[in-house]
Amino acid sequence: MSEIKGFDAVPKGEPLGEYLQRVRELRGLTRATLASRAQVNVSTILRIECGKTSVIRPRKAVQERLATALKIPIEYIHAAISQEAFDIPQTNKICPSCWNPGTAPDIRWSQVDAQFCTRCGDQLIDKCLSCSEPILLRGRFCPQCGTPYRQSSLSKQVA
Ligand SMILES: [Zn+2]
Ligand SMILES: [Zn+2]
């Protein structure tokens, strides 16, 4: 498997069909594999990828399943539908226990010298815990490896 740079999956303003095909190929998936992972018909994938029109807008549920199957934030699909280039991801610190993905992080976390969460005491992170890709504040999980930013209490039952 060749290494995939996470940010290669960021929408670059191309139409949804081109975008979908590009990310699918980045992930090394065939249309059939993607279809089965996203629980949609191959014809749906085909219709989106080969759509003559740039205004194809799959149903919300389909958008969400495609995003999950491609390990991309749903925001990427939204950006591709509107053919917007996605903002350069910000690096910022979050508390993996308190941060609610999709919301603005607590301003106290972004202070340069902040290392621990003022609410729960957890160590703040500015990179994915698994692969060190910078945190993408508009996503729920790492675009590189798919690890959720929010860590469940399972992973820290040390105490
Ligand atoms: Zn916290
Ligand atoms: Zn990662």
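**Helix α2 and its neighbours**

The crossing of α2 and α3 is right-handed, meaning the near helix is turned clockwise from the far one by less than a right angle. Helices here are DSSP runs (H or I, at least four residues), numbered from the N terminus. This is a predicted model, where local features need pLDDT of at least 70, side-chain atom pairs count only at pLDDT 80 or more, and totals for chains, interfaces and linings use all residues. Residues are numbered from 1 along each chain as its sequence is written, while chains are lettered from A and ligands numbered from 1 in the order written.

Take the geometry of the pair. The axes of α2 (residues 31-38) and α3 (residues 42-49) come within 8 Å and cross at roughly 115 degrees. Axes are lines fitted to C-alpha atoms over the stretch in contact, with angles from 0 to 180 degrees between N-to-C directions. From α2, R31, A32, L34 and A35 meet V42, I45 and L46 of α3. Contact requires C-beta atoms, placed from the backbone, within 7 Å.

Now the burial of α2. Its buried residues are L34, A35 and A38 (20 or more other C-beta atoms within 10 Å of their own). Seen down the α2 axis, they fall within an arc of 100 degrees, so they line one face of the helix. Their cover includes α1 (16-26), α3 and α4 (60-69). After α2 comes Q39, with a positive phi near 55 degrees.

Last, confidence. The mean pLDDT (predictor's confidence in each residue, 0 to 100) is 82 for the protein. Among its elements, α2 has the highest mean, 97. Over residues 1-5, pLDDT stays under 50. Where pLDDT is low, predicted coordinates should not be read in detail.

Methods: Helices (H or I, at least four residues) and strands (E, at least two) are DSSP runs, numbered from the N terminus. Two residues are in contact if their C-beta atoms, placed from the backbone, lie within 7 Å. A residue is buried if 20 or more other C-beta atoms lie within 10 Å of its own, exposed if 12 or fewer, and partly exposed in between; C-beta atoms are placed from the backbone. The arc is that of the directions from the helix axis to the C-beta atoms.
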